[in-house]
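Please open the structure in your viewer and keep the sequence beside it.

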Amino acid sequence: MNEQIKQIAERLRGLRDSVDMTTAQMAEKGEVSQTVYEQYESGEVDIPMNFLCNIGKAFNIDTAVLISGDDTHAQTYFVTRKGMGISVERNHAYKYRDLAGGFKNAKATPFLVTVEPNNEPIHLNTHPGQEFNLVVKGKLLLQIAGKEIVLEEGDSVYFDATKPHGMKALDNQKVRFFAIIL
C-alpha cells in the first residue's frame with residue numbers, strides 16, 4: 001500500500017491509543033467491523049474517505065487532520081488554489097483532493113475526486129449523511145441503492161449517502177467530479 005495510507009493508519013492507531021479504546025470500540029465509532037478496522041489500522045489496505053469522515057465526526061476531529069496530520073486553523077475562510085489541497089490517493093483508481101482541509105470545524109467536506117478508468121466492478125460503500133456530486137470532466141457511472149445513473153460533464157446528483165453507492169469512469173476516460181459530503 002502507498003505511504004500516505006500507512007501514515008493515515010499510524011494516525012488512526014495514535015488516536016485510538018490517545019483515547020484508550022480497543023479496536024472493537026474504534027470499529028464501532030467508524031461504523032465498520034473490528035476485522036475491517038484492524039485492516040485499516042494495519043496500513044496494508046485502502047482506507048475509504050467515508051470511514052475517515054465517520055471517525056472525524058465521532059471524535060470531533062477535522063478529516064483533514066486524519067488525512068494530513070496537520071491541524072486546521074482557519075476560522076473565517078480558507079482558500080485552496082488550483083492544483084492544491086490535501087491530496088489522498090486511496091488506490092490507483094481514486095484520488096481525492098480535500099478542498100477545505102485547512103478550515104477548522106468545517107460543516108461539509110468538499111473534495112475534487114479523480115476516477116481513473118479500470119475494469120474492476122464498482123465498489124459500493126455507505127456513510128452517514130448526504131452527498132452531492134457534480135461532474136466537471138468525463139462521464140461517470142454512479143450506482144446508488146441498486147440504480148445505475150450516468151452523469152456527464154455539468155450533471156449533478158444529490159443523494160442519501162446511507163444507501164450503498166459507488167462509481168466508475170466510463171468510455172475508458174478519466175473522470176473528475178466535485179463531491180461534498182454533509
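The stops below lead from a pair of helices to the core, and then to the strands. Please bear in mind throughout that the model is predicted.

**First stop: two packed helices**

Select helix H1, residues 3–18, together with helix H3, residues 34–42. Two packed helices are described by the angle between their axes and the distance between the axes. Here the angle is about 120°, and the axes lie 7 Å apart. H1 and H3 are therefore oblique to each other. Now display the side chains where the helices meet: Ala9, Leu12, Arg13 and Arg16 belong to H1, while Tyr37, Tyr40, Glu41 and Ser42 belong to H3. Sorted by class, this contact comprises four nonpolar residues, one polar residue and three charged residues.

**Second stop: the core and helix H4**

Which residues have the most contacts inside the largest nonpolar core? Select Ile47, Phe51, Leu52, Ile55, Val115 and Phe177 to see them; the core has 37 residues. Helix H4, residues 49–59, supplies the largest share of this core, with six residues. In soluble globular proteins, nonpolar side chains tend to be buried together.

Remain with H4 and colour its buried residues: Met49, Asn50, Phe51, Leu52, Cys53, Asn54, Ile55, Gly56 and Phe59. Because nine of the 11 residues of H4 are buried, the helix is largely enclosed by the rest of the structure. Centre the view on Leu52; leaving aside residues up to four places away in sequence, Leu52 touches Ile8, Ile47, Thr63, Leu66 and Ile67. After H4 comes Asn60, which has a positive phi, near 55°.

Move to strand E3, residues 109–115, and pick out Pro110. Is Pro110 buried or exposed? Its relative accessibility is 15%, so Pro110 counts as buried. Beyond residues up to four places away in sequence, Pro110 touches Arg97, Asp98, Leu99, Ala100, Phe178, Ala179 and Ile180.

**Last stop: an open sheet**

Finally, select the open sheet of three strands, whose order is E6-E5-E8 and whose pairing is antiparallel. At its edges are E6 (147–152) and E8 (165–169), each of which pairs on one side only. On average, neighbouring strands of this sheet are turned by 25° against each other, direction ignored. Strand E5, residues 139–144, is joined to E8 by five bridges. To find one of the bridge pairs, select Leu140 and its partner in E8, Ala169.

Note on methods
Residues are numbered from 1 along each chain as its sequence is written. This is a predicted model: local features need pLDDT of at least 70, side-chain atom pairs count only at pLDDT 80 or more; totals for chains, interfaces and linings use all residues. Side-chain values use heavy atoms; hydrogens and water are left out. Two strands pair if DSSP finds at least two bridges between them. Helices (H or I, at least four residues) and strands (E, at least two) are DSSP runs, numbered from the N terminus. Axes are lines fitted to C-alpha atoms, for helices over the stretch in contact, and angles run from 0 to 180 degrees between N-to-C directions. Angles under 35 degrees count as roughly parallel, over 145 as roughly antiparallel, 65 to 115 as roughly perpendicular and the rest as oblique. Contact means heavy atoms within 4.5 Å. Ala, Val, Leu, Ile, Met, Phe, Trp, Tyr, Cys and Pro count as nonpolar, Asp, Glu, Lys and Arg as charged, and the others, Gly among them, as polar. A nonpolar core is a set of buried Ala, Val, Leu, Ile, Met, Phe, Trp, Tyr and Cys residues joined through side-chain atoms within 4.5 Å. Buried means under 20% relative accessible area, exposed over 50%, partly exposed in between (1.4 Å probe, protein chains only).
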